There are 2 protein chains.
Amino acid sequence: MRLLRVDLTRQRVTTETTTDELSGGRLLTAEILAREVDPGCDPLGPDNHLVLAAGPLAGWGVSDAGRLSIGAKSPLTGGIKESNAGGDVADQLANLGYRGVILAGALPVDASPTVVVIDGGDADPVRFVPAPDYRGLWLEETAARLRADFGAADFGAADFGAADFGAGYTYLAIGPAGEMLMPAAAICAGDVRGGPYRFAARGGLGAVLGSKGVKAVLIRKTKSSTRPRGAEFRAAVATYHRVLAGNPRIEVLRKYGTASTVMLVQALGGLPTRNFSQGEFTEAERLSGEALYDLITARGGEGTPTESCMATCVIQCSNVYPDAAGRRLVAPIEYETLGMCGSNLGIGDPDVVARLNRLCNELGLDTIEVGATLGVAAEAGLWAFGDAARAVALVEEIGQGTVLGRLLGQGCHTVGRTLGVRRIPTVKRQAISAYDPRAIKGTGVTYATSPMGGDHTAGLTVFAPVDHHDRQGQVALSRGTQITRAAYDALGLCVFLLGSTAAHPELITDMLSAAYDVPVAPAYLAEIGRRVIDLEREFNRRAGLTQAADRLPDFFVTEPLAPHGERWDLPEAELDRMWAD
Amino acid sequence: MRLLRVDLTRQRVTTETTTDELSGGRLLTAEILAREVDPGCDPLGPDNHLVLAAGPLAGWGVSDAGRLSIGAKSPLTGGIKESNAGGDVADQLANLGYRGVILAGALPVDASPTVVVIDGGDADPVRFVPAPDYRGLWLEETAARLRADFGAADFGAADFGAADFGAGYTYLAIGPAGEMLMPAAAICAGDVRGGPYRFAARGGLGAVLGSKGVKAVLIRKTKSSTRPRGAEFRAAVATYHRVLAGNPRIEVLRKYGTASTVMLVQALGGLPTRNFSQGEFTEAERLSGEALYDLITARGGEGTPTESCMATCVIQCSNVYPDAAGRRLVAPIEYETLGMCGSNLGIGDPDVVARLNRLCNELGLDTIEVGATLGVAAEAGLWAFGDAARAVALVEEIGQGTVLGRLLGQGCHTVGRTLGVRRIPTVKRQAISAYDPRAIKGTGVTYATSPMGGDHTAGLTVFAPVDHHDRQGQVALSRGTQITRAAYDALGLCVFLLGSTAAHPELITDMLSAAYDVPVAPAYLAEIGRRVIDLEREFNRRAGLTQAADRLPDFFVTEPLAPHGERWDLPEAELDRMWAD
């Protein structure tokens, strides 16, 4: 496989070839960071890398195999971070012949932001285009300008199943938050229709790209049809697609999206409400998948309850949320945003959550981190839970870069500390997500022990058929889930496959075997999952995120959670032994 | 020796006796914290301790042996912290029969601040007095109220050499900064005249006391005359005092105070100027010890160039800085404040530095951290270097607890990150002091490698007769200095003794031998110094402050320092080996 190494400091580019055909995604980001980045470095300094990595099935026309992993030392946690996004960047990198891109060093600090254009090919694979006019642009405007200036962001050119994505470029970009080096800043990935609506949201990776002086990375779109696909491969893919399409759970996700989770978590008493002070929200039904479906379909217009983020997706869990006039307000609206920017802020009006979501998207901010941040800010008295206008105004301030805005952009931990709040829902300085760990204990184990910091994507357990209030078995459940999810992240696979493939890893490994003509056993997934976590934990250990950081905040232990009265009661010794063997 | 353990959560008090008569000061704080405090705990939560520890010669009438060590896990660095102060608390604790006090747990979060009164004796040694009226009081007002309410802070009752300090109480107290849990908050110790002018300034220990719901700790004053002093002890003390008094360096400190260092550091090109962007300040002479002496003596009134902080001090390096009308403006004004709140902010007017200093004292803030914080804030454009009125207004905002004020109270690292500044002069998130490490490299080694974080008190090398620009030998110099200073801190000794006693440790160990009737060899100092550092490093390792944190910020490497063009050029491998044997 080939890696593109972009030395931003010297504006020099090299292509490297390795014999390791299978590594990709979160495994590749972990391998490169562990090998090349000093764990003690300043995450916003030139010694940090930003690594882009596709999975080994990207570009092969496999459903849900085109997620892009982005890795770096995190300015939020101080440890290693991988955050992945849909969209079509991974597929396009693969089509250009690259498994990964290493953005090393940094453009001069005071240079105007630059657009890095990856054309591929042997002669001049990368151009560095000064883009002073892009400074401070919001993301929709950024996408529109990229389209005008570079033929990028070719809205509407592609559709599910199309092998040809049209001419031009897809892109990664940051908003003002990333330019202002905020640890709550995300990286936006152009989606299959060119819109700036897919985010590698967590861990402040947008600030890392901003620290390198880069506003956007363009990746030339090419046809993937040159890749040879043998009969064995085509048969394996067909089986995989047939199993996916036959899973009834897909219908739930397609119709209601991730918002289908709202009432499940509400029923468990784990829906974060008013800065994690309660686990049930009286207005939860207004935010439910069912309510959103009805609203979206009733309003019509540009709205749709069903949309794909990648070209090759049979699930299509995304949506477009329209305003009352039917105009696109935000796309997509997801469960975690409904929880963190809805119930967690005492806000039950989905239009308000959608406005907050849109603002975060436009500024390039992680909605989870922002929701948690506004939660502690409300607890500190900076505004009142439920005050929609003030919540919107505070997120607008982040974009304006006022002192208060810049403070909010530092995320939940710093804001909570600064305002003297004691109930700060973070692990390793990163906000946890919309699953209260007292009520969904396996996910609490994940928050505590994942090398990613407080991050449900590293091992969400809420769909497992267990008693989520009972601490028994939760460590094993989290451990297995973390390993599986790390493997999926390493392969560029969407975790929503798990309902179909969790019990049948051969569906995936058969495709890998056929694609690369090497035997890949089903146990390979557990192997690489564990390998990812071991690499990341070792990086963190050297960065100073030791066992002492594998803890939830005290208030989860000391404050019982209404309505069920659950506390966080996992023994620390059990957490400490979790990765011992 | 006896320890007083105060369980604030349960308001229960116990007295513990150990056979280890010699441990005290920073050794005792390190021992207790290493044994009892989880390095992973929230430094502002009830699992942290605040430990007060006198040295083994406190209360014996020995000059400069009455510094009080205060230890805790630091909310600024996240590691172990010891900060020590003059004043008469250590002597009075010793007179009550206590070597140390452990403040464990925390009073209820929403309780009014409490005054903890240590009366000693067997029956009821500690009282907890709710003090709602003390909330938010500045420190001079706090001291006045303590005097009115408790007979504490008996201004003017004592003088150098007096065995009887008068009736009433001495005290520790915090200002609004500590109550607001700011990592820049200090703890004030009542001085020998009762004034609130001595500070355990560094590491945010004021926030730890504030997190426990305590506004002040009173310590009953008693006569020390009940302590038996044998002939051997009296002879050892007499020799020690004779050597001290005969050292000509004392005259410099007595006349010019620590401000005598200004022109030395200016000559080395290491005087931090405008956020460490230069090493020479055009107005340095106005801030020099000589200029201050002339000003103080010319203005007269309440001003004096010479004052002691402890009853038993032959050096008397302190001063009282008067305003133009001769009224006490601040006491004392010290070198580090002149550097960090003067040249580092582009301020050459000593009256302005004195006003900033007084405000910091009143609010209970570390002048080093505040000076460094305003430095990065000026670099970010929040105000202009040299704008005296704005600098004062910003420190006032800290006291007001506005959002900006609370942000500034978080210290240099958080403010620099929040405002997007790249030149942030911190190590382990703590601001370094008024010695640029590029020009005074041994002190740079100390900043990088001390378990205390960026802190010159852990091993200041500027007085050593070496080429401070030459990296050769600086690691060994810093190592030796750190060990010596740790030993002095462990014994409650003022480091200004070093000019007289560094080459003659027997002056100190002979007093210890005679006082406790045990043989104490001169090598004992190096032994306990190293023991302190090993205990602290192990605590930090478990807290996640590993070798990766033993680094200076990159800008010291990449930016040469005018006027000499020096860079930080110590090899990291040399730093990493420093404590290996």
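What follows is a set of questions and answers on a predicted model of two chains.

Mentor: Residues are numbered from 1 along each chain as its sequence is written, and chains are lettered from A and ligands numbered from 1 in the order in which they are written. Because the model is predicted, local features need pLDDT of at least 70 and side-chain atom pairs count only at pLDDT 80 or more, while totals for chains, interfaces and linings use all residues.

Trainee: How many helices and strands does chain A have?

Mentor: Helices (H or I, at least four residues) and strands (E, at least two) are DSSP runs, numbered from the N terminus. The C-alpha trace of chain A spans about 60 × 50 × 50 Å along its principal axes. Counted this way, chain A has 22 helices and 17 strands.

Trainee: What percentage of the residues in chain A is buried?

Mentor: A residue is buried if 20 or more other C-beta atoms lie within 10 Å of its own, exposed if 12 or fewer, and partly exposed in between, with C-beta atoms placed from the backbone. Chain A has 581 residues, and the buried part is 62%.

Trainee: What share of the contacts in chain A with a separation of 6 or more joins residues 24 or more positions apart?

Mentor: Two residues are in contact if their C-beta atoms, placed from the backbone, lie within 7 Å. Among the contacts in chain A with a separation of 6 or more, residues 24 or more positions apart account for 70%.

Trainee: Is strand E9 (residues 169-173) of chain A mostly covered or mostly uncovered?

Mentor: A:Tyr169, A:Tyr171 and A:Ala173 point one way from E9(A), A:Thr170 and A:Leu172 point the other way, and all are buried. With 5 of its 5 residues buried, E9(A) is mostly covered.

Trainee: Which residue in strand E10 (residues 187-189) of chain A is the bridge partner of A:Leu172?

Mentor: E9(A) runs antiparallel to strand E12 (residues 214-220) of chain A, joined by 5 bridges, and there A:Leu172 stands opposite A:Val217. E9(A) also pairs with E10(A) in the antiparallel sense, over 2 bridges. In E10(A), the bridge partner of A:Leu172 is A:Ala189.

Trainee: How are the two copies related?

Mentor: Copies are superposed by least squares on the C-alpha atoms of residues with pLDDT of at least 70 in both. Chain A can be laid on chain B with an RMSD of 0.0 Å by a turn of 180° and a shift of 0.0 Å along the axis. The two copies are thus related as by a two-fold rotation axis.

Trainee: Which residue of chain A has the C-alpha nearest the axis?

Mentor: The C-alpha in question lies 2.0 Å from the axis. In chain A, this nearest C-alpha is that of A:Gly544.

Trainee: Which helix gives the most to the side of chain A that touches chain B?

Mentor: 27 residues of chain A are in contact with 27 residues of chain B. Helix H14 (403-408), helix H15 (412-418) and helix H20 (524-543) of chain A each supply at least two residues of the side of chain A that touches chain B. With 4 residues, the helix that gives the most is H14(A).

Trainee: Why do the copies meet through the same surface?

Mentor: The copies meet through the same surface because the interface residues of chain A are also interface residues in chain B, at a share of 100%.

Trainee: Which two helices of chain B are roughly parallel to each other?

Mentor: Axes are lines fitted to C-alpha atoms, for helices over the stretch in contact, and angles run from 0 to 180 degrees between N-to-C directions. Angles under 35 degrees count as roughly parallel, over 145 as roughly antiparallel, 65 to 115 as roughly perpendicular and the rest as oblique. Helix H11 (residues 350-363) of chain B and helix H13 (residues 388-400) of chain B pack at an angle of about 0°, with their axes 10 Å apart. The roughly parallel pair is therefore H11(B) and H13(B).

Conventions: Two strands pair if DSSP finds at least two bridges between them.
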